[in-house]
Amino acid sequence: MTQADVDLSRRELLKKGGLGVAAATAAATVPSAAKAAARAAVDRPVHYAMVIDTRRCIGCHACSVACKAEFEVPIGMTRSWVEYVEKGEYPHVTRHFLPRLCNQCSEPQCVTVCPTGATYKRKEDGIVVVDADICIGCKYCIQACPYDARFINPRTGTADKCDFCLHRIQKGIAPACVNTCQGKARIFGNMLDPESEVAKLIETEAVTVLRPEMGTKPNVYYIAADHADPQDTRYEGQYIRVDTHRKAKERR
Ligand code: SF4
Ligand code: SF4
Ligand code: SF4
């Protein structure tokens, strides 16, 4: 990533009043009415969101590495990762990439179960964060998250996960994964700003979210995502394999 790219990201962020976000939906496409209703229900000026255009993702893992470096994430732990999804029967086999991270949910189950209030959704911008000073490492949030987005950091003994690079965006700099993505597959911004790129993509593209049936209302949206779950009955009879470099055996 060149300095020009960094500056460009910075300009974009400042222009948009931060970066952008949106509302949730189903494994099927999120309808416009649902998007508008979700936006109207939010009483904050900024709500950050990310759109991941899987058509532009080449599975290079640069985002995973950038995140590792940004936060010195311990070996075996991940705040951001990329899954490979293979499906079909030879010779009709396809392979897709699915970048993953915390969805910064609008109805976060991790927040609901936290006994100390250490994990909460920020009123200012909708980012779900962990206050390490009052986290007791009970792991309730890890069990509650339907996306396996959290872990206990062995260095601190407290819960850890992606926070959209809060320390960077507060300075007007894009998240590390966004900044490093050469394919421009990750788009970040304020979804409440109708002029932001994320807002426009959420409005115009057939975006989907992961596991909408959980009711968490994710704020990470996917374009053309093949996030086929091996247990998804829609894919019954087809070969499906989801692979990742993570320690987790099962995908959630
Ligand atoms: S850096 Fe971009 S292109 Fe590479 S795996 Fe991540 S999202 Fe995909
Ligand atoms: S993805 Fe998991 S950790 Fe992130 S906000 Fe949603 S429930 Fe919480
Ligand atoms: S591990 Fe920390 S953040 Fe998670 S539920 Fe327990 S106290 Fe809350």
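**Close-up views of a predicted model**

**View 1. The shell around ligand 1.** Helix H3 (62–71) and strand S3 (92–101) each give at least two residues to the shell around ligand 1; helices (H or I, at least four residues) and strands (E, at least two) are DSSP runs, numbered from the N terminus. In this predicted model, local features need pLDDT of at least 70 and side-chain atom pairs count only at pLDDT 80 or more, while totals for chains, interfaces and linings use all residues. Residues are numbered from 1 along each chain as its sequence is written, and chains are lettered from A and ligands numbered from 1 in the order in which they are written. Around ligand 1 you will find 15 residues, with Cys57, Cys60, Cys63, Cys181 and Gly183 the closest (a residue is near a molecule if its C-beta atom, placed from the backbone, lies within 6 Å of it).

**View 2. The largest nonpolar core.** This core holds 55 residues, and Cys177 is among those with the most contacts inside it; a nonpolar core is a set of buried Ala, Val, Leu, Ile, Met, Phe, Trp, Tyr and Cys residues joined through C-beta atoms within 7 Å. Strand S1 (residues 48–53) gives the most to this core, five residues.

**View 3. Ligand 2 and its surroundings.** Here 14 residues surround ligand 2, and the closest are Cys102, Cys105, Pro108, Cys110 and Cys145.

**View 4. A look at valine 128.** Valine 128 sits in strand S5 (residues 128–130). It counts as buried because 25 C-beta neighbours lie inside 10 Å (buried means 20 or more other C-beta atoms within 10 Å of its own, placed from the backbone). The C-alpha atoms of valine 128 and proline 108 are separated by 8.0 Å, though the two are 20 residues apart along the chain.

Note on methods. Buried ≥ 20, exposed ≤ 12 C-beta atoms within 10 Å, placed from the backbone.
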